[in-house]
Amino acid sequence: MVKHTTHLCGVLFLLCLLFGDFVFGWFHYGSQGKTQQQQQQQHTADSLEQSCLCHLTGVLDDCFCDIESIDVFNNFKIFPLMQKLIDRDFFRYYRVNLKRPCPFWPDDSHCAIKDCQVEPCPESKIPVGIKSGNYNKYSQAANTIRDIKECEQAHELGAINSTLSNQSKEAFEDWAHHDDAQDHFCGLDDETSPDAEYVDLRLNPERYTGYKGPSAWRVWNSIYEENCFKPRSVYRPLNPLAPSRGDDDGEGFYKWLEGLCLEKRVFYRLISGLHSSINIHLCAENLLDGWGKPIWGPNVHEFRRRFGSAETKGEGTRWLKNLYFLYLIELRALSKVAPYFERAFINLYTGNSQEDSITKELLLLIFNETKAFPMHFDESSMFAGHKMEAKRLKEEFRLHFKNISRIMDCVGCSKCRLWGTLQTQGLGTALKILFSEKEIKNLPENSPSKGFQLTRQEIVALLNAFGRLSTSIKELHNFRTLLKDQR
């Protein structure tokens, strides 16, 4: 595989050198002859395509998977299925509290345009099976244990509840309240909070909102500088909030990073990958025309600004590779958690039996694809040293990530906070799954487990977060195609 990949990298590199001017081109407006300025822009764009995207190839660090294999697997198998899944009712509605104050500094930022606002979903439009279960159980039987005041089917469900044995009732009650003992990597919202609201994710898509500048940078700076195990003496490349280091190209940072243990190196790459993914979403769904009805679409200039070799001093390709690394981590989590959902009594409950059946079949189909992927990340290499040291490192890893989930409450843009919270929680759920292998292996076949469980909020976040990563990789392909077609 390595030999084949190396050969493929060489071929791609030669194609870029020999045919770059013919094959690649930056998106431009107008189809007539180019002015000198347009030619200069075209040359800059060609350089980016060669340096940023053409170098996005080969085997990833810390794993044995190549980018080309991920592209094919995602774009042709996973992406179409994920788009169908996240459009189902169970995954479409996400309950979240966007009114919690920032615990670290005063919120002094405001979104630049009205599209930043999140439109909550009226209770009347929420599927009855979703809004009935504050403890997020996904089978009809589990929902019937609680007193469902707002559910029109309370009487019918109560009849089903009476058929449960006392042992099953106790198990479901334990399932409902058991969460403090879990290895949570994120602070979960209290879904019973009066400030928590259901949001229709399909009607509040992640895209450019105008939220930028010092406020946005302060959020990411806090994440990188205070939560990625980095001493302040180590300079992080392109940090706009740090004093200028002249011509420092950041090599000192990467030497420090490579000297870290695998776990801390993985942590940084996960955060960097998440940051890259979010930036790609903003480039792919950018505000192209704000006059009258807004027009959203891919903005190649914005993509260049965020990932271009010249604009990022060569950092862009590294950031994009971290996106692929994050994709592998969450892909591995989905393959590991499959047995949890394959149990017959687990239903993604909305109250509509036909809808629930289709959703469950689609989810299992995705799990089958993830399990068939041959180059998964091997998480067994993490936290595998001395038992006490591994335990301490894992707890430090968990607390750092949990702190990042709290920083999301400091995001000044409501829509950015919504998607930042969801994707952070999704990654936190993936980490929880990866480090619960023993508990998942010991799951009882026909009853809930005290050892491992997922709330509906975690499930919705997990699958939607992976859907966002899948979309990011597909959008990278779209940018390649756009550049080539416009040439």
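In which kind of crossing, right-handed or left-handed, does α11 pass α17? In this predicted model, α11 passes α17 in a right-handed crossing. The axes of the two helices come within 11 Å and cross at roughly 145°. On the α11 side, the contact is made by Leu-270, Leu-274, Ser-277, Ile-278 and His-281. On the α17 side, Gln-423, Thr-424, Leu-427 and Leu-431 take part. Sorted by class, the residues of the contact between α11 and α17 divide into 5 nonpolar, 4 polar and no charged.

The chain holds 19 helices and 4 strands. Of its 487 residues, 55% are buried. Among contacts between residues at least 6 apart in sequence, 79% join residues at least 24 apart.

Two packed helices are described by the angle between their axes and the distance between the axes. Helix α17, which spans residues 414–434, also meets helix α16, residues 387–407, and the two axes come within 10 Å and cross at roughly 165°. An angle over 145° counts as roughly antiparallel, so α16 is roughly antiparallel to α17. The crossing of α16 and α17 is left-handed. Here Phe-397, Phe-401, Ile-404 and Ser-405 of α16 meet Thr-424, Leu-427, Gly-428 and Leu-431 of α17. By class, the contact of α16 with α17 has 5 nonpolar residues, 3 polar residues and no charged ones.

Helix α11, residues 262–284, has another partner in helix α12, residues 300–307. The axes of α11 and α12 come within 9 Å and cross at roughly 160°. That angle makes α11 roughly antiparallel to α12. The crossing of α11 and α12 is right-handed. From α11, the residues Ser-276, Asn-279, Ile-280, Leu-282 and Cys-283 meet Glu-302, Phe-303, Arg-306 and Phe-307 in α12. By class, this contact of α11 with α12 has 5 nonpolar, 2 polar and 2 charged residues.

Leaving aside neighbours within four places in sequence, Leu-270 is in contact with Phe-325, Leu-326, Ile-329, Phe-397, Leu-427 and Leu-431.

Gly-297 lies in strand β4, residues 295–297, and counts as buried at 6% relative accessibility. Although Gly-297 and Glu-285 are 12 residues apart in sequence, their C-alpha atoms are 4.7 Å apart in space. Not counting residues up to four places away in sequence, Gly-297 touches Cys-283, Ala-284, Glu-285, Asn-286 and Leu-288. One of these, Cys-283, is also among the α11 residues that meet α12.

Arg-92 belongs to helix α4, residues 89–92. Is this arginine buried or exposed? With a relative accessible area of 12%, Arg-92 is buried, because buried means under 20%. Beyond residues up to four places away in sequence, Arg-92 touches Ile-86, Asp-87, Val-199, Asp-200, Leu-201 and Arg-202.

Backbone angles complete the tour. Most residues other than glycine have a negative phi. Phe-229 has a positive phi of about 65° although it is not a glycine. Phe-229 sits in the loop between α9 (214–227) and α10 (251–258). Lys-313 likewise has a positive phi, of about 55°, and is not a glycine. Lys-313 is found in the loop between α13 (309–312) and α14 (315–342).

Terms used
Residues numbered from 1 in each chain as written. Predicted model: local features only at pLDDT ≥ 70, side-chain atom pairs only at ≥ 80, totals over all residues. Heavy atoms only, no water. Axes fitted to C-alpha atoms, helices over the stretch in contact; angles between N-to-C directions. Parallel < 35°, antiparallel > 145°, perpendicular 65-115°, else oblique. Left-handed = near helix turned anticlockwise from the far one by under 90°. Contact = heavy atoms within 4.5 Å. Nonpolar A, V, L, I, M, F, W, Y, C, P; charged D, E, K, R; others polar. Buried < 20%, exposed > 50% of the residue type's maximum accessible area, 1.4 Å probe, protein only.
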